[in-house]
Amino acid sequence: MTDTVRLIIDGVVHQVPKGANLVDAAKMVGNDIPVFCYHPKLAPVGMCRMCLVELGQAGIDKDTGAFQLDDKGQPAIRWQPRLATACTTVVTDGMAIKTTTPQVTEARDDIVEFLLTSHPLDCPVCDKGGECPLQNLTMRHGPGESRFLYEEKQHLAKHYPLGDLIYLDRERCIQCARCTRFQEELVGDAVLAFHERGRRLQIVTTSNPPFDTYFSGNTTDICPVGALTTADFRFGARPWELTGVPSICPHCPVGCNVSASTRLDRESGGKIVVKRIMPRQNESVNEIWICDKGRFGHHHSRHGERLTQPLIRQGGKLVPATWDQALALIAEKISAADGDVGAIAGGMVSNEDLWELRQVVENAHGGKDHKSLGVYPYRLSGAEWVAKVGLSKGSNFGQMGKGTTIVVIASDLSEEAPIWYLRVKNAADRGAHLITLNARPTELDRFAKSKLKISYGGEIAALKSLTEKPEVKDAANVVIFVGGEGLDRAGHATLMQGAASVLTSTGHAGKVNNGLIGVWAGANTQGAFDLGYSSEATESLLNKRPAVLILADADIVAEDAANVSLLAHREGKFTVVSEMFLTATAAQADVVLPRQSFVERDGTVTSGERRVQRFYTAQTPLDGPRPDWKVFAEINRLRTGSKPKLSAAAVMKEITEKIAAYKGLTYAELGKVNKQFPDVGGDDPYYGGTAYENKGGLGVQWPTEADQGKVPSVSMPAVGKARKLESGELLIVPIVELFDRKPAFAASAPLLHSHVPAPYVVLNSGDAKTLNLVDGDKAILSSGGVEGEYTVRVDAAVPAQTALVARNLNLKSPTPAVPMVGSIRKVEVVASHV
């Protein structure tokens with residue numbers, strides 16, 4: 001329980017948390033102290049002086065603790081002679097403030113007047129107009145007319161690109177330093193700074209490429225004026241025209257809560273479209289932040305290359321067909337397959353889609369559970385250990401700090417799950433002991449107190465050593481993130497077991513702020529595991545194709561060198577693909593079904609922390625594509641005569657009745673919200689910024705076995721043998737790049753194209769020397785029977801006889817899905833003769 005102290009605001013005594021910031025404490029009891037530079041997620045600096053108050057201290061009887069009273073029976077208060085900044089003040093027992101006196105009002109009026117001396121009067125054309133803190137506070141405190149000379153106004157750059165994604169209007173900037181502090185304090189990338197002095201003080205970028213960070217869009221949310229705007233929303237709509245629709249980011253396992261800002265759009269034929277994606281507050285998930293991939297990676301939803309009509313292969317070519325024709329053909333092929341049917345689902349497929357797809361496969365097998373439901377990508381496994389000792393229900397990284405140990409193994413969180421990276425980094429800033437165990441340097445190493453370099457294949461030995469480390473065995477809390485870099489499916493399952501063993505053997509299972517997190521590859525990979533899908537099934541289905549294979553959001557051809565020609569062999573085989581775009585996999589299919597995007601339908605997904613969350617229909621669906629759950633339900637109707645559900649909510653209701661972990665998780669339950677702090681999204685955006693208040697639901701985290709008192713005994717797996725490579729061989733290790741060329745993200749072009757690197761391979765300096773390669777050379781990488789051209793990067797920190805290759809950058813020559821032995825040779829440049 002939080003200790004409280006007495007705070008007197010304008011003569012009224014309130015109980016507030018001890019040690020709270022004065023601005024926050026006042027906010028908690030309904031008193032809004034105006035601010036510009038202060039933000040509840042940043043350290044106070046007292047730069048703008050907008051939060052000035054009269055400050056005093058009530059006398060307190062040392063024996064009784066009661067207030068000493070004056071002759072009027074009120075607390076006797078000793079007032080300071082000058083106004084004080086509330087944002088740099090921490091509340092103590094008996095503190096008193098006045099917020100409405102003439103002195104306070106005059107000071108605030110003066111601050112606003114000074115800020116407006118060089119601020120442009122362009123509210124009618126400013127993207128911030130309607131949700132602008134300066135605009136709101138000017139209405140409250142600003143003068144009716146200016147006393148300053150127009151000739152003395154500072155004229156600065158109006159449309160200055162800080163990078164490709166963010167534009168700066170230097171005339172509007174009020175030097176609050178929120179953006180520079182966000183980058184330095186929260187992100188740890190000080191890529192923005194102040195330049196010049198006095199009235200010519202300006203924000204500049206200090207990185208190359210400019211504003212080089214994965215979190216740049218958040219600076220536009222917390223900017224208290226219209227100085228920072230996003231490239232994709234500039235002059236696109238006015239805030240008061242927009243309707244915020246709750247949704248969930250589809251790009252990674254964090255499950256960030258977002259709000260899709262929509263409106264009727266003339267250029268789209270009067271249809272409702274998404275104009276921007278904004279963070280939606282969920283203090284247990286993403287707080288009020290999102291990464292740039294989530295913010296800018298939504299433009300695929302109305303891309304011109306979206307599939308809008310089913311395709312059927314006839315005469316060796318895919319030709320347009322009606323939905324009735326496509327579904328009837330699929331139903332016919334399934335019926336003729338005599339139970340030889342399987343399905344593989346990717347990370348963007350919702351729980352409702354997964355459930356109806358499961359019914360298709362089970363009905364093909366006579367209504368029985370069957371091991372023919374696969375997860376894609378299939379390189380990660382071990383979900384049973386999450387069900388036993390996963391991150392405990394009620395855990396929150398925002399509450400972790402001193403006394404908590406966080407272990408990250410075989411994962412680069414900054415690329416795989418940026419908001420987890422951000423929250424882990426901030427927990428480390430608060431005193432958490434961060435341990436990274438990777439074979440190569442990662443971004444998170446900069447904030448780790450213990451950096452243990454391991455070899456690929458040495459993960460279990462590294463985990464085993466943790467059980468004897470005081471920072472693990474003696475810690476109050478332990479959280480372990482397990483990635484899959486350098487591992488195949490079986491290796492990852494073993495590593496998950498090893499992490500579970502560490503947690504149970506040290507007594508850190510079944511307690512709040514303790515547990516295991518799998519760094520899954522997709523937004524709903526956890527949901528797929530929960531509903532009976534597995535990576536083992538995927539491996540089996542790809543090794544021995546069934547007569548009918550259904551692929552939903554699983555681009556197995558473009559993302560795995562081993563599957564480049566898998567679907568091209570059609571003898572007695574039939575492949576159905578559900579996709580938004582004509583992917584490499586769809587191009588080899590027998591039937592292609594156009595699926596809806598995440599903003600065109602309702603559904604739920606389950607995050608890597610096992611939080612089941614709702615997303616809502618945000619924009620008018622394109623004509624043609626359908627939600628997967630409806631498509632699969634219709635196939636079942638054609639085959640079995642079953643009546644399809646009328647809504648995604650009805651499908652979820654059935655899931656709650658059949659899946660024990662999801663019991664009670666109806667749409668109504670998932671849509672519940674509680675009051676959160678800090679208070680954002682209200683009428684005072686000057687306090688928390690323009691992130692949206694959560695009105696769509698906080699989601700529900702289902703409990704593990706350990707949460708229910710059933711802590712298992714988990715043995716530590718045996719240490720495996722290191723892989724031996726012959727002379728000249730390299731271990732090709734696929735790694736994750738956040739900005740890649742997967743169709744759903746690549747379709748957000750051209751905005752993000754410059755942020756997606758060319759295909760590259762990273763070599764140890766010794767190996768590069770042996771191969772006669774230097775930085776920038778072109779090389780041919782050969783693995784799994786596939787060759788591709790890559791740009792060479794040389795890094796002495798990469799393990800010897802290892803080549804790191806980013807996934808999903810070279811879709812014409814895909815990388816292997818799992819580590820594989822391969823070779824590299826230099827591309828010889830032939831000199832031209834004139």
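This is a predicted model: local features need pLDDT of at least 70, side-chain atom pairs count only at pLDDT 80 or more; totals for chains, interfaces and linings use all residues.
Residues are numbered from 1 along each chain as its sequence is written, and side-chain values use heavy atoms, with hydrogens and water left out.

**Helix H4 and its surroundings**

Two packed helices are described by the angle between their axes and the distance between the axes. Helix H4 (residues 178-187) packs against helix H11 (residues 418-429) at an angle of about 75°, and their axes are 9 Å apart. H4 is therefore roughly perpendicular to H11, a term that covers angles of 65 to 115 degrees. Axes are lines fitted to C-alpha atoms, for helices over the stretch in contact, and angles run from 0 to 180 degrees between N-to-C directions. Helices (H or I, at least four residues) and strands (E, at least two) are DSSP runs, numbered from the N terminus. On the H4 side the contact (heavy atoms within 4.5 Å) is made by Glu184, Glu185, Leu186 and Val187, while H11 contributes Tyr421, Leu422, Lys425, Asn426 and Asp429.

Because eight of the 10 residues of H4 are buried, this helix is largely enclosed by the rest of the structure. Buried means under 20% relative accessible area, exposed over 50%, and partly exposed in between (1.4 Å probe, protein chains only). Among the buried residues of H4 are Arg178, Cys179 and Phe182, and the elements that cover the buried residues include strand E9 (192-195), helix H5 (217-222) and H11. Just after H4, Gly188 takes a positive phi of about 85°.

**Backbone exceptions**

Most residues other than glycine have a negative phi, and most peptide bonds are trans.

| Residue | Phi | Loop between |
|---|---|---|
| Arg610 | about 70° | strand E27 (603-606) and strand E28 (611-615) |

Glu287 is buried, with a relative accessible area of 12%, and Arg610 also counts as buried, at 0% relative accessibility. A cis peptide bond with omega of about -5° joins Tyr376 and Pro377, and Pro377 lies in the loop between strand E18 (373-375) and helix H9 (383-389). The peptide bond from Phe677 to Pro678 is cis as well, with omega near 5°.

Val45 lies in the loop between helix H1 (22-28) and strand E3 (52-58), and at 35% relative accessibility Val45 counts as partly exposed.

Methods:
Angles under 35 degrees count as roughly parallel, over 145 as roughly antiparallel, 65 to 115 as roughly perpendicular and the rest as oblique.
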